[in-house]
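Student: I have a two-chain model open and want to learn how to read it. Can we go through the contact step by step?

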Number of protein chains: 2
Amino acid sequence: MTTSPTPTIRYEFDRATALESDDDVHFAGEIEDGWDINGNANGGYLLALAGAAMRQASGRPDPLTITAHYLAPGKTGPITVSTDVVKAGRQLVTITGSLRSPDRELMRVIGSYGDIATMGGGYTHVAGAPPDLPPREQCVFRDRNTGTVTVALMDRLRVWLRPEDARFQLGEKSGRATIEGWLEFADGRPIDSLALLLVVDAFPPPVFNIDIPPGWVPTVELTVHIRGVAAPGPLMCRFHTEFVQNGFLQEDGEVWDSEGTLVAQSRQLAMLPRS
Amino acid sequence: MTTSPTPTIRYEFDRATALESDDDVHFAGEIEDGWDINGNANGGYLLALAGAAMRQASGRPDPLTITAHYLAPGKTGPITVSTDVVKAGRQLVTITGSLRSPDRELMRVIGSYGDIATMGGGYTHVAGAPPDLPPREQCVFRDRNTGTVTVALMDRLRVWLRPEDARFQLGEKSGRATIEGWLEFADGRPIDSLALLLVVDAFPPPVFNIDIPPGWVPTVELTVHIRGVAAPGPLMCRFHTEFVQNGFLQEDGEVWDSEGTLVAQSRQLAMLPRS
């Protein structure tokens, strides 16, 4: 390991996103083992790595909106993140990031950072609601081994899927490209905006519930909006796909906290597996 | 005007997005008068200007996914767009763009370009439908002068709003943050993916149908996915906002062609007017 875990880092996710920097512009860290699906680092984890560097470089805690374009799969090992402040405004700092392994660029990112906790107040309108989930004990706990895929990430996160949405794991697709469920860190780490970047890509693709050709669904682009501060407790998540056409699919996500407040929205464009 | 319209440019939108370049990397053009709302250039028009440069620099016709962060309002006058190819892959070219006026950067953009027409085939799943619009003659034609706002853009585009969604123009808000309607270019220009970048920001904000404080709703970030090739004929558009909280709002858009195919999806994060 190039970045040794220090004794002061209490949680797995903080160790896995720890970075070193001399100048708050260029950062070094590593893609840690165990945040992958069949050996490819989870896209949300990669975004959190870049997002952690951009947070430090911007001096603001929250990526109010952040977009990643995925260029190559991430494998365990050392990485660097180079950041560049585009504009430092009063409320928002717009910043880019480039995540690289020693031999190639893995991801290019742009985000506008701010402090969501200080932006509150004003008019509120919510035309939506958290998923109507059964209690966790009536949901399907997502195991690291589901069918032929090894989801090492599921050792780090605890995910409970809505029973109707989980039967694809037994080969029974619901026909509805939606997956809802509960999520928390296995080690109890609190949910902040950095964690939400991981969360929005941590569920199985909802298209596993329709008859797409089997295979990996590589993300081309992922955008996350941080919309609130999460209260303690498990998150309620909803992911759904409406449009699979011309070789691409969209996946939308909503993440709600335990008190029923929307804390993140996401949308990604992914490529359909080629049959 | 720094870029003279040439006699071969037939349509207004092509003249307004015409660029000159010696190297297909750096481009010069101008923000043309008449694509604004109260003097600020429409955000979709600015994205189309950058998108036109990125199209030429990438050598691919369609921004399959493109994201803009807005840094400053655009005023009529000369601009430059600098582009940088991040990765040129077999199917996708990922590229960044920076749109500048003489004194400041107005917008930073990242996109992945490809050729949507060649990516067809394969599995299709559509869990959605175009808006159920009355015929155009039963809709409300959007005039350039609506209340206190002058929407010069409405000389370039013809927009017909669904009657229920249009009464906010008379001070009667529907209470539902949705606006649907028809759209076409006033001069009959065909709809390609460049035009769709304009279209997704060309409707009034759907929050005008709820009780937000009055004022400008500046876009922080806009992401557009190009999902299909538009058939000839007027577009059917749906824009809606679900979440206004902590000083920000999201706006989602769907653009469907005259044959009922989804051709673009959009999402933007905007700032709530401060009351």
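**Reading the pair**

Tutor: Chain A can be laid on chain B by a turn of 180 degrees and a shift of 0.0 Å along the axis, with an RMSD of 0.0 Å. The same surface serves both: 100% of the contact residues of chain A recur in chain B.

Student: What should I know about the model and its numbering?

Tutor: This is a predicted model: local features need pLDDT of at least 70, side-chain atom pairs count only at pLDDT 80 or more, and totals for chains, interfaces and linings use all residues. Residues are numbered from 1 along each chain as its sequence is written, chains are lettered from A and ligands numbered from 1 in the order in which they are written, and side-chain values use heavy atoms, leaving out hydrogens and water.

Student: How many residues does each chain give to the contact?

Tutor: Contact means heavy atoms within 4.5 Å. Chain A gives 61 residues and chain B gives 61 residues.

Student: How much area do chain A and chain B bury between them?

Tutor: Buried area is the accessible area (1.4 Å probe) that two parts lose on being put together, summed over both. Here that is about 5200 Å², 57% of it on carbon and sulfur atoms. In chain A, A:Tyr123, A:Arg227 and A:Phe243 lose the most area to chain B, together 15% of what that side buries.

Student: How many salt bridges cross the interface?

Tutor: Side chains of opposite charge can pair when their charged atoms come close. The rule wants a side-chain nitrogen of Lys or Arg within 4 Å of a carboxyl oxygen of Asp or Glu. Across this interface it finds 2. A:Asp252 forms a salt bridge with B:Arg267, the closest N and O atoms being 3.6 Å apart.

Student: Which strands pair between the chains?

Tutor: Strands are DSSP runs (E, at least two residues), numbered from the N terminus. Two strands pair if DSSP finds at least two bridges between them. Strand 8 (residues 125–126) of chain A is joined to strand 16 (residues 243–245) of chain B by 2 bridges, and they run antiparallel. A:Val126 stands opposite B:Phe243.

Note on methods. Helix = DSSP H or I, 4+ residues; strand = E, 2+ residues; numbered from the N terminus. Least-squares fit on C-alpha atoms with pLDDT ≥ 70 in both.
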